[in-house]
Amino acid sequence: MEYGGEALSWRHEAEVLEVELHREPLNEIGTTTLRELELLVTEVEVHPPRAMLLWSSRPGFCAGADLRELHASLVTRAARSGETLAAAASRLPPWAAAVVRRIGAGSTRRELAAFIDRIHATFDAIDAAPFPTIAAVHGVVFGGGLELALICDLVVADRTARFCFPELRLGLVPGFGGIPRLERDLGNGVIRDLLLSGRSIGAPRAHAVGLVSQVVPRGEAREAARRLARQVTRVPSGALATAKRFAKPIPRARLAEEKRLFVELVSRPETIEALDRFVKDEGVRPYLAAEGG
Amino acid sequence: MTDVLATLGRLATLRFGSRAAALGPHDDLFESLGIDSLQALDLLTDLEEEFGIEIPDYEVQGVQTLAGLAEVIGRRR
């Protein structure tokens with residue numbers, strides 16, 4: 001079946017399901033994208049393709065999590081809820097006020113955890129899909145966008161692609177499974193370099209370290225990925241599913257640990273302050289490391 | 001340094017058109033060309049490809065001019 005949504009569209013091209021990311025400005029992943037990715041998971045369960053190709057018609061692949069939405073829907077709501085609770089607590093004896101505050105903090109964390117759980121369930125489902133998946137990437141492949149690419153079995157990058165985990169600048173670890181999935185493919189030194197420096201690397205470097213499987217000229221990633229998809233559909237599907245399960249296990253324990261760390265860090269006041277600064281920043285260089293930041 | 005500056009001028013002109021051709025080495029790239037962060041990242045990719053080097057983002061933090069970029073490239077070659 002074909003689908004045309006706000007963030008995603010897909011159609012079956014012969015045996016290959018082509019999924020287009022097209023949310024402005026740069027496919028930031030928020031609740032709309034998540035909901036449509038969940039629909040995609042249902043679609044491939046009902047109509048499993050022989051291969052799936054994920055590509056973007058925007059100027060880059062994906063700039064990561066929709067931090068403005070995260071801020072608005074989670075942090076601001078949590079603050080309002082906190083104010084309400086604080087008002088309620090002020091009318092209670094100290095022991096009861098402490099209980100109310102603990103319940104409030106727990107509620108915020110549960111909401112965050114629920115959002116991250118949905119992301120992980122969706123990403124895990126695509127990661128473990130019994131058919132090959134290919135990401136065709138160009139331009140910005142940052143944060144959650146890199147994590148989205150990493151759920152695919154193969155990444156084809158054009159020469160403009162740049163890969164980055166900028167989360168630590170906000171006081172966060174990547175929260176959509178990036179590090180545990182990357183640990184399957186890359187050495188820990190490379191992962192630390194990406195994670196701790198927050199720097200971006202270009203497609204040739206990403207190819208050299210094993211993050212991407214092919215580098216092609218500017219604008220050619222989708223076509224190269226299509227040819228690759230046609231090639232992988234020639235492999236017997238049962239053997240391919242078995243080989244994929246063997247070669248690409250889902251690192252469940254590490255993913256669970258990452259979720260716990262993310263929720264813990266995102267609830268910290270300094271992270272909320274960093275998100276505040278990001279949301280209020282009207283600067284023209286959001287994809288470059290901030291000076292002194 | 002002069003060669004690097006000439007190459008930078010050529011790359012900037014290829015990417016940003018004739019406005020870039022008139023740039024002096026100390027003109028502000030962001031103000032003169034009105035480039036945004038995505039275009040700056042593209043330029044970074046061009047530089048890495050052209051000079052066969054890696055340029056971590058933090059090395060170009062605060063660099064606004066072709067002369068500044070030439071200095072960074074000189075450090076990384």
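This is a predicted model: local features need pLDDT of at least 70, side-chain atom pairs count only at pLDDT 80 or more; totals for chains, interfaces and linings use all residues.

Biologist: Which element of chain B has the lowest mean pLDDT?

Modeller: Chain B as a whole has a mean pLDDT of 92, with 99% of its residues at 70 or more. For the complex, the predictor reports an ipTM of 0.88 and a pTM of 0.88. Among the elements of chain B, helix α5 (residues 66-76) has the highest mean, 95, while the lowest, 88, belongs to helix α2 (residues 18-21) of chain B.

Biologist: What is the radius of gyration of chain B?

Modeller: Chain B comprises five helices and zero strands, in the order α-α-α-α-α along the sequence. Chain B is as compact as a globular protein of its length, because the globule rule gives 11 Å for 77 residues and the radius of gyration is close to that, at 11 Å.

Biologist: Are α1(B) and α5(B) parallel or oblique to each other?

Modeller: The axes of helix α1 (residues 2-16) of chain B and α5(B) approach within 9 Å and cross at roughly 120°, and the crossing is right-handed. Residues B:V4, B:L5, B:L8, B:G9 and B:A12 of α1(B) meet B:L66, B:L69, B:A70, B:I73 and B:G74 of α5(B). Roughly antiparallel would require an angle over 145 degrees, and roughly perpendicular one of 65 to 115. The two helices, α1(B) and α5(B), are therefore oblique.

Biologist: Which residues does B:L33 touch, leaving aside those up to four places away in sequence?

Modeller: B:L33 belongs to helix α3 (residues 29-33) of chain B. It counts as partly exposed because it has 19 C-beta neighbours inside 10 Å, whereas a buried residue needs 20 or more. Its C-alpha atom is 9.4 Å from that of B:G17, 16 residues apart in sequence. The residues that B:L33 touches are B:F16, B:R19 and B:A20.

Biologist: Where is A:P25 found?

Modeller: The peptide bond leading from A:E24 to A:P25 is cis, with omega near 0°. A:P25 is found in the loop between β3 (16-21) and α1 (31-46) of chain A.

Biologist: Is A:N27 buried or exposed?

Modeller: A:N27 is found in the loop between β3 and α1 of chain A. Its phi is near 60°, a positive value in a residue other than glycine. With 26 other C-beta atoms within 10 Å, A:N27 is buried.

Biologist: What is the phi of A:A14?

Modeller: A:A14 lies in the loop between β2 (8-13) and β3 of chain A. A:A14 is partly exposed because 13 other C-beta atoms lie within 10 Å. Although A:A14 is not a glycine, its phi is positive, at about 55°.

How values were computed: Residues are numbered from 1 along each chain as its sequence is written. Chains are lettered from A and ligands numbered from 1 in the order in which they are written. pLDDT is the predictor's confidence in each residue, from 0 to 100. Helices (H or I, at least four residues) and strands (E, at least two) are DSSP runs, numbered from the N terminus. The radius of gyration is taken over C-alpha atoms; the globule rule is 2.2 Å times the number of residues to the power 0.38. Axes are lines fitted to C-alpha atoms, for helices over the stretch in contact, and angles run from 0 to 180 degrees between N-to-C directions. Angles under 35 degrees count as roughly parallel, over 145 as roughly antiparallel, 65 to 115 as roughly perpendicular and the rest as oblique. A crossing is left-handed if the near helix is turned anticlockwise from the far one by less than a right angle, and right-handed if clockwise. Two residues are in contact if their C-beta atoms, placed from the backbone, lie within 7 Å. A residue is buried if 20 or more other C-beta atoms lie within 10 Å of its own, exposed if 12 or fewer, and partly exposed in between; C-beta atoms are placed from the backbone.
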